[in-house]
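The following paragraphs lead the reader through selected features of one protein model. Please keep the sequence and the structure in view while reading.

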Amino acid sequence: QLQVVESGGGLVQPGESLRLSCTGSDYTVNYYHVGWFRQVPGKEREFVAAISWIGGATYYADSLKGRFTVSRDNDKNTGYLQMNALKPEDTAVYYCAAGHGLVREYEYDYWGQGTQVTVSS
């Protein structure tokens, strides 16, 4: 069964950048859309961004357009989330997922364990 693993989280100061990676356990991840979601304790998980498996079409939460960029490198079975100009309100656990949907959680079949991103001075 496909597994996906996030990496790249950490503690950064406001205004700094961070790139998260989402690596699939095998090449089959390249046949799925890859999505990113985030969750703050006490709140529901929210959609961040997604990239389609073919054509590389990208989708973003409206509030994050312009600061976050999603991409993928199928040769490496890996998707990326580049986060720029980070704000304290971006602090959350970030999850990547692979599936046949794009913006809805239930459309994703395979989820990573999450990686913590903390933006604080």
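Is Tyr 108 buried or exposed? Tyr 108 is buried, since its relative accessible area is 5%; buried means under 20% relative accessible area, exposed over 50%, and partly exposed in between, with a 1.4 Å probe and protein chains only. The model is predicted, so that local features need pLDDT of at least 70 and side-chain atom pairs count only at pLDDT 80 or more, while totals for chains, interfaces and linings use all residues. Residues are numbered from 1 along each chain as its sequence is written, and side-chain values use heavy atoms, with hydrogens and water left out.

The aromatic rings come next. Across the whole structure, 7 aromatic pairs are found; rings of Phe, Tyr and Trp (its six-membered ring) pair if their centres lie within 6.5 Å, and planes under 30 degrees apart count as stacked, over 60 as edge-to-face and the rest as tilted. One of these pairs joins Tyr 32 and Tyr 110, which is edge-to-face because the planes stand at 75°, with the ring centres 5.5 Å apart. Tyr 32 belongs to the loop between strand S3 (18-24) and strand S4 (33-39), and Tyr 110 to strand S10 (residues 108-111), so this pair ties together parts that are 78 residues apart in sequence. Strands here are DSSP runs (E, at least two residues), numbered from the N terminus. Tyr 32 is buried at 15% relative accessibility, and Tyr 110 is buried at 18%.

A further edge-to-face pair is formed by Tyr 108 and Trp 111, with centres 6.1 Å apart and planes at 65°. Trp 111 is partly exposed, with a relative accessible area of 26%. Arg 45 lies over the face of Trp 111, at 4.0 Å from the ring centre. The charged end of Arg 45 also sits over the ring of Tyr 95, 4.7 Å from its centre; for Arg, this requires CZ within 6 Å of the ring centre and within 35 degrees of the ring normal.

Asp 90 is buried, with a relative accessible area of 1%. Beyond its neighbours within four places in sequence, Asp 90 has contacts (heavy atoms within 4.5 Å) that include Arg 38, Arg 67 and Phe 68.

How values were computed: Helix = DSSP H or I, 4+ residues; strand = E, 2+ residues; numbered from the N terminus.
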